[in-house]
Amino acid sequence: MPHFLDHDHRGFLVEHLVDRRHRAELHAKRASIYGLREAELDSATRFLRVEALTVGGVHVEDLSVLARLPELRWLEISWNTKVRSLEPLAKLTRLERLWIEHTPKIADITPLGDLRNLVALGYEGGMWSKNTAESLEPIGPFAPPDDDRA
């Protein structure tokens with residue numbers, strides 16, 4: 001699978017972006033990252049500025065590099081069988097919507113309790129994996145959504 005970043009409906013192979021001598025920031029409302037390894041995800045988050053991000057099929061243990069994206073308001077993490085902690089996501093204070101699926105090693109969602117702007121959370125397993133939280137208590141109650149957020 002090629003390591004791919006979709007930026008406002010324009011596709012880029014990450015190898016081409018990472019190897020460029022001059023890396024300008026990529027600003028987008030939405031972007032999707034598929035199939036990256038840890039070092040490639042690290043490089044991609046150094047130049048990406050985005051409000052909504054889908055990270056799929058990226059099998060990394062550490063999500064700390066996502067903390068470089070403080071403007072994130074919407075994040076989807078799917079098909080990651082290695083990640084164990086959501087701790088780095090606690091730094092994403094503007095996050096309003098979070099979708100976590102097919103991440104079977106995540107059981108502690110306590111770090112999400114400090115995300116005061118969070119109005120929607122999806123947390124589910126999949127056909128071959130399950131997500132089981134130790135408790136949902138740390139994340140409630142949600143603030144009611146404003147009209148401009150919906």
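Asp 42 and Arg 46 sit four residues apart in helix α2, about one turn of the helix. Helices here are DSSP runs of H or I with at least four residues, strands are runs of E with at least two, and both are numbered from the N terminus. Keep in mind that this is a predicted model, where local features need pLDDT of at least 70 and side-chain atom pairs count only at pLDDT 80 or more, while totals for chains, interfaces and linings use all residues. Residues are numbered from 1 along each chain as its sequence is written, and side-chain values use heavy atoms, with hydrogens and water left out.

Now the salt bridges, meaning a side-chain nitrogen of Lys or Arg within 4 Å of a carboxyl oxygen of Asp or Glu. The count comes to four, and the table shows some, including these:

| Pair | N to O distance |
|---|---|
| Asp 42 and Arg 46 | 3.3 Å |
| Asp 42 and Arg 68 | 2.7 Å |
| Arg 73 and Glu 96 | 3.1 Å |

The Asp 42 and Arg 68 pair links distant parts of the chain, with Asp 42 in helix α2 and Arg 68 26 residues away in the loop between β4 and β5. Together, Asp 42, Arg 46 and Arg 68 form a network of salt bridges.

How exposed are these side chains? Buried means under 20% relative accessible area, exposed means over 50%, and partly exposed is in between (1.4 Å probe, protein chains only). Asp 42 counts as partly exposed because its relative accessibility is 22%; Arg 46, at 47%, is partly exposed too, and so is Arg 68 at 28%. Arg 73 is partly exposed at 33%, whereas Glu 96 is buried at 11%.

On to the inside. A nonpolar core is a set of buried Ala, Val, Leu, Ile, Met, Phe, Trp, Tyr and Cys residues joined through side-chain atoms within 4.5 Å. The largest one has 33 residues, and Leu 53, Leu 66, Leu 75 and Leu 89 have the most contacts inside it. Strand β4 gives the most to this core, with four residues. Contact means heavy atoms within 4.5 Å; leaving aside neighbours within four places in sequence, Leu 75 touches several residues, among them Leu 53, Val 55 and Trp 99.

How far can you trust it? pLDDT is the predictor's confidence in each residue, from 0 to 100. The protein chain averages 77, and 67% of the residues score at least 70. Confidence is highest in β5, at 94, and lowest in helix α1 (residues 14-18), at a mean of 49. Where pLDDT is low, the predicted coordinates should not be read in detail.
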